[in-house]
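Here is a colleague's note for a first reading. Keep the model open beside it and check each point in turn.

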Protein chains: 2
Amino acid sequence: MVIECIPNVSEGRRPEVIAACAEAITSTPGVRLLDHSSDASHNRSVFTFAGDATGVERAVMALFERAVAAIDLRTHTGEHPRLGAVDVVPFVPIDGVTMAECVELAKKVGAAVAQRFAVPVYLYEEASTNPIRKNLEDIRRGEFEGLATKMATAGWAPDFGPSAPHPTAGASVIGARMALIAYNINLATDRLDVAKKIAAAIRHSSGGYRYVKAAGFTLTDRGIVQVSMNLTNYEKTPIFRVFETVKRECERYGVQILESEIVGLVPSAALNAAAEFYLQIAGFNPNQILENKLRTLG
Amino acid sequence: MVIECIPNVSEGRRPEVIAACAEAITSTPGVRLLDHSSDASHNRSVFTFAGDATGVERAVMALFERAVAAIDLRTHTGEHPRLGAVDVVPFVPIDGVTMAECVELAKKVGAAVAQRFAVPVYLYEEASTNPIRKNLEDIRRGEFEGLATKMATAGWAPDFGPSAPHPTAGASVIGARMALIAYNINLATDRLDVAKKIAAAIRHSSGGYRYVKAAGFTLTDRGIVQVSMNLTNYEKTPIFRVFETVKRECERYGVQILESEIVGLVPSAALNAAAEFYLQIAGFNPNQILENKLRTLG
């Protein structure tokens with residue numbers, strides 16, 4: 001069983017605090033730290049790790065212990081919006097685990113965090129218990145500074161823990177979601193208007209695919225433009241469908257796709273779905289992939 | 001490190017011998033039996049297993065022990081050509097291991113088999129030490145019945161072991177090769193001539209791709225035809241290139257691809273290459289696949 005967890009912590013400047021958070025994860029048996037990055041202007045760090053349910057839960061608890069002790073939101077500044085010391089904790093099903101099990105894990109960890117650290121917890125995305133509290137942006141609106149007022153408003157009692165913010169650690173947002181794929185398509189043109197029009201055509205907010213966020217940019221050093229995307233559910237809005245739609249929209253403007261790029265990690269299932277689509281493979285079973293078969297038997 | 005090994009044993013009728021061969025593999029630590037099938041008319045069984053170099057070597061030795069004791073080629077009959085009790089043993093690099101390492105393993109196991117069982121061993125494919133003894137079919141020509149004469153001919157001394165056949169177990173062919181992918185493309189037509197012409201266009205023997213074997217068949221029950229293929233080196237002749245060529249040849253005859261199918265197992269790298277091609281992914285690194293990253297760290 002493999003669950004990915006990507007906690008966002010409100011500290012991107014003090015190396016000793018960042019190291020302590022990383023150490024909370026690396027010292028937990030049964031999990032592997034895959035990546036971490038810190039941004040000083042955001043004053044925020046993102047950790048990516050994976051493991052089974054027990055390991056992931058223990059690592060998150062260890063992370064809260066370090067972060068709550070070291071971070072004081074009353075004096076925290078940074079460009080990125082934030083609500084708490086451990087701001088967001090998503091659980092992502094990767095292999096041998098369902099979304100429902102990740103939702104259960106989010107609830108279990110949420111309850112444990114509230115009890116042990118007296119930090120109020122909101123459940124979000126697939127773990128959300130209320131449609132108006134599904135989106136992270138909606139929960140985080142008002143940030144730490146507006147949290148006491150917001151929590152006193154009808155409908156904003158937290159899912160777990162006290163109904164007022166933790167004095168220094170604010171509140172945390174914990175939930176379950178699909179793996180997110182950062183995917184860019186570079187166009188063989190410098191026409192920014194084309195990239196922007198195509199981004200608008202495919203993104204959910206302006207009428208496109210439900211699980212696509214997109215924007216058009218210029219890559220100044222290369223003299224080309226890019227449609228930059230986040231694919232937030234690769235099962236329901238697969239990469240190949242987005243790619244083919246961008247390709248077709250390009251034709252309409254007389255431009256071509258130069259290349260695409262996957263930024264960071266991608267679940268193998270997302271790539272296999274593309275192979276299956278283009279090769280028109282009928283009756284394909286993931287157990288036919290040698291490595292999967294070996295893992296199943298292992 | 002994962003090496004696949006697919007020994008072919010000259011016994012497809014006596015269940016107790018087949019079970020003993022399977023048990024030789026399943027009882028070896030560090031390997032997993034992925035598949036096995038027996039054919040009575042061929043009087044032959046094929047076992048597919050995987051593991052690290054040490055495990056795979058031990059399993060092969062255990063298999064020889066059972067097969068050499070139980071099989072007598074002097075009384076063996078069957079449709080499939082064969083030279084020995086354990087007829088062929090290919091080692092296939094899958095993950096974290098090079099072809100060169102599989103060649104070394106073939107030589108090590110070949111020497112050990114010759115010494116312990118007094119069975120002469122020919123090295124084939126990537127492990128071959130002589131161009132005229134690279135192809136399995138060339139080595140096996142004349143079969144067990146012609147083996148004594150063949151072995152006395154110039155150039156046919158074995159790579160390891162005695163220069164005459166083992167009285168009951170004949171000789172064995174051991175080597176290293178790329179993973180083989182059994183791949184079929186079904187056409188939305190009943191025109192067998194089209195399937196045969198396309199098979200001829202893409203297969204190596206009649207001028208097509210180097211690592212493609214192909215034939216055209218009718219699928220009587222479905223009223224369609226099939227281009228049935230073995231892809232013997234998916235790195236040098238990738239699936240997507242074969243698929244696209246078949247698609248283009250179909251156009252020339254006014255027919256369409258209905259679907260394709262992968263029979264049995266496929267290495268994930270072969271599917272990832274297709275995703276990379278069709279999505280035009282630039283600078284892709286297999287370590288970006290979450291499961292690979294986890295395995296690397298594990």
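1. **What you are looking at.** This is a predicted model; local features need pLDDT of at least 70, side-chain atom pairs count only at pLDDT 80 or more, and totals for chains, interfaces and linings use all residues. Residues are numbered from 1 along each chain as its sequence is written, chains are lettered from A and ligands numbered from 1 in the order in which they are written, and side-chain values use heavy atoms, leaving out hydrogens and water.

2. **Confidence.** pLDDT is the predictor's confidence in each residue, from 0 to 100. Chain A has a mean pLDDT of 95, and 99% of its residues reach 70 or more. The model's ipTM is 0.78 and its pTM is 0.80.

3. **Who touches whom.** Contact means heavy atoms within 4.5 Å. By that rule, 43 residues of chain A meet 43 residues of chain B. Both copies use the same surface: 100% of the contact residues of chain A recur in chain B.

4. **Buried area.** About 3,900 Å² is buried between chain A and chain B, and carbon and sulfur atoms give 65% of it. Buried area is the accessible area (1.4 Å probe) lost when two parts are put together, summed over both. A:Leu279, A:Gln280 and A:Leu290 supply 18% of what chain A buries against chain B, more than any other three residues.

5. **Make-up of the interface.** The side of chain A that touches chain B has 28 nonpolar, eight polar and seven charged residues. Here Ala, Val, Leu, Ile, Met, Phe, Trp, Tyr, Cys and Pro count as nonpolar, Asp, Glu, Lys and Arg as charged, and the others, Gly among them, as polar.

6. A salt bridge needs a side-chain nitrogen of Lys or Arg within 4 Å of a carboxyl oxygen of Asp or Glu. One example is A:Lys197 with A:Asp193, whose closest N and O atoms are 3.6 Å apart.
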